[in-house]
Amino acid sequence: MQIQKKLHVISLGCSKNLVDSEVMLGRLTDYAMTNEIGEADVIIINTCGFIEAAKKESLGHIFEALQRRKEGALLVASGCLVARYAKEIKDMIPEIDILTGVSDYHRIDSMIAQKRSIANNGVFLYNQEKRVITGSNIHAFVKISEGCNQNCSFCAIPSFKGRLQSRGIDSILHEIEMLAGNGYYDISFIAQDSSSYLRDKNQKDGLLKLIQAIEAQGAIKSARILYLYPNSTNFELIDKIAQSSIFQNYYDMPIQHISTNVLQSMQRSHNNIHQLLTYMRNVPHSFVRSSVIVGYPNESEDDFTRLCDFVEEFGFDRLNIFEFSKEEGTKAGLLEELPKNIRSKRINALNKIVKKQQDTLFKDMVGQNLDVIIEGKSEISEYFYSARDKKWAIDIDGEILINDGDFQGTGYYCARITDYKDGILVGRII
């Protein structure tokens with residue numbers, strides 16, 4: 001009897017990377033998964049190379065795997081870091097057995113069988129490949145495009161992922177049908193710039209058409225769209241999402257800053273941000289999420305004060321705060337950085353504002369009845385189930401602990417929020 005080989009996979013970075021990791025898992029179902037690096041016959045690290053902190057994290061995992069792998073185990077490094085620095089990694093860490101970038105996830109089985117690297121140019125665009133969904137029994141991410149046509153001065157993604165390449169609507173519908181057939185009824189649609197979907201095919205209303213097609217298909221129960229871009233988002237799209245019975249009133253539009261001075265230097269749209277955000281906020285029961293970069297090289301004290309004032313006044317439902325990262329090959333990477341102590345001070349100041357707002361938002365939820373999705377047991381305690389508001393995106397928008405009421409595990413329910421303490425929401429199924 002042949003002993004089944006073991007596989008250990010580490011997927012780093014964003015949800016888009018996670019989808020690619022799930023495609024690799026779909027090609028390697030003959031392997032038994034293990035959480036122990038030292039037991040694995042094959043170790044795959046799907047790296048992130050977006051910002052400096054992510055690069056260091058990816059390299060740290062590679063070096064740890066080299067130290068802990070058993071004799072004869074194959075180490076595979078894939079993903080964005082490899083696509084961006086293939087030659088440097090090969091020269092610096094020759095012990096890596098297989099190097100592959102962002103174009104050949106669906107060939108991982110043949111790479112491992114032949115013990116050879118593949119470093120093609122371009123990106124992998126999903127098309128009916130088998131995936132092994134991880135992290136949920138009801139939710140899945142669906143990637144609608146790769147690459148980006150924007151020219152943000154701080155971003156290196158187009159340098160290794162290239163320009164926008166959209167999947168066809170039929171391809172996406174086929175994937176949704178397969179996912180729904182396996183019980184995945186809650187979908188988050190993702191891309192580098194989701195609101196530009198199909199613009200590479202000369203269709204300015206591509207995302208509208210996709211929403212209409214998914215509604216007509218009727219295979220899933222709930223969905224949301226992540227990563228809208230200001231200059232490719234319009235009021236019609238906001239309305240379409242608001243009117244949908246499947247898509248939640250969830251608006252995730254990273255603005256990166258509010259100061260015209262900074263946005264111009266970032267080479268980002270700055271003319272319609274206020275109008276779009278206000279329009280989103282005025283949608284009944286809307287959830288508005290965004291991201292900002294603090295400490296951009298030409299961010300003055302006045303620019304930062306404007307950002308803080310806007311965040312405090314607008315009150316985002318969720319806000320990601322990133323410290324500026326100087327990246328090779330970008331225009332912003334040529335600018336003189338602000339001192340580290342100034343960047344840290346500003347990060348802390350904005351974090352205080354956001355934390356206070358989040359605290360108020362969660363306190364105000366106590367006593368409310370919400371449509372929720374139960375994902376399974378919570379990692380906080382085996383005595384609680386983990387739920388989230390149906391609008392919320394998985395993993396990033398929060399958790400509601402459930403330990404009371406009549407429910408049968410994973411699924412859609414109505415819950416009453418009963419308590420909020422020390423950053424934790426508690427509810428019961430009603």
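Domain bounds, as used throughout these exercises, come from an automatic or database domain assignment. The structure is a predicted model, in which local features need pLDDT of at least 70 and side-chain atom pairs count only at pLDDT 80 or more, while totals for chains, interfaces and linings use all residues. Residues are numbered from 1 along each chain as its sequence is written, and side-chain values use heavy atoms, with hydrogens and water left out.

**Exercise 1.** State which domains the assignment gives and how domain 1 and domain 2 are placed.

*Solution.* Begin with the bounds: the assignment gives domain 1 (6–114), domain 2 (139–364) and domain 3 (366–429). Next, take the centres over C-alpha atoms, which for domain 1 and domain 2 are separated by 28 Å. Finally, turn to the contact (heavy atoms within 4.5 Å), which takes 15 residues from domain 1 and 15 residues from domain 2.

**Exercise 2.** Describe how helix α11 and α12 pack.

*Solution.* Helices (H or I, at least four residues) and strands (E, at least two) are DSSP runs, numbered from the N terminus. Axes are lines fitted to C-alpha atoms, for helices over the stretch in contact, and angles run from 0 to 180 degrees between N-to-C directions. On this basis α11 (residues 301–314) and α12 pack at an angle of about 10°, their axes lying 10 Å apart. The two helices are therefore roughly parallel to each other, a term for angles under 35 degrees. On the α11 side the contact includes Phe-304, Leu-307 and Val-311, and on the α12 side it includes Leu-350, Ile-353 and Val-354. Sorted by class (nonpolar: Ala, Val, Leu, Ile, Met, Phe, Trp, Tyr, Cys and Pro; charged: Asp, Glu, Lys and Arg; polar: the others, Gly among them), the residues of this contact are eight nonpolar, one polar and three charged.

**Exercise 3.** Characterise the second largest pocket by its space and its lining.

*Solution.* On a 1 Å grid over the protein atoms alone, a pocket is an open set of points with protein on both sides within 12 Å along at least five of seven lines, whereas a cavity is a set where a 1.4 Å probe fits but cannot get out; lining residues have an atom within 4 Å of a point. Grid points are joined across faces, edges and corners, and a volume is the space filled by probe spheres set on the points. The second largest pocket holds about 550 Å³ of space. Its lining has 23 residues, with His-285, Ser-286, Leu-370, Asp-389 and Lys-391 nearest the centre, and domain 2 and domain 3 each supply at least three of the lining residues.

**Exercise 4.** Find what lines the largest cavity.

*Solution.* The search of the whole structure finds one cavity of 30 Å³ or more. The lining consists of Val-19, Asp-20, Phe-124, Leu-125, Tyr-126, Lys-143, Glu-146 and Arg-167, that is, four nonpolar, no polar and four charged residues.

Terms used. Angles under 35 degrees count as roughly parallel, over 145 as roughly antiparallel, 65 to 115 as roughly perpendicular and the rest as oblique.
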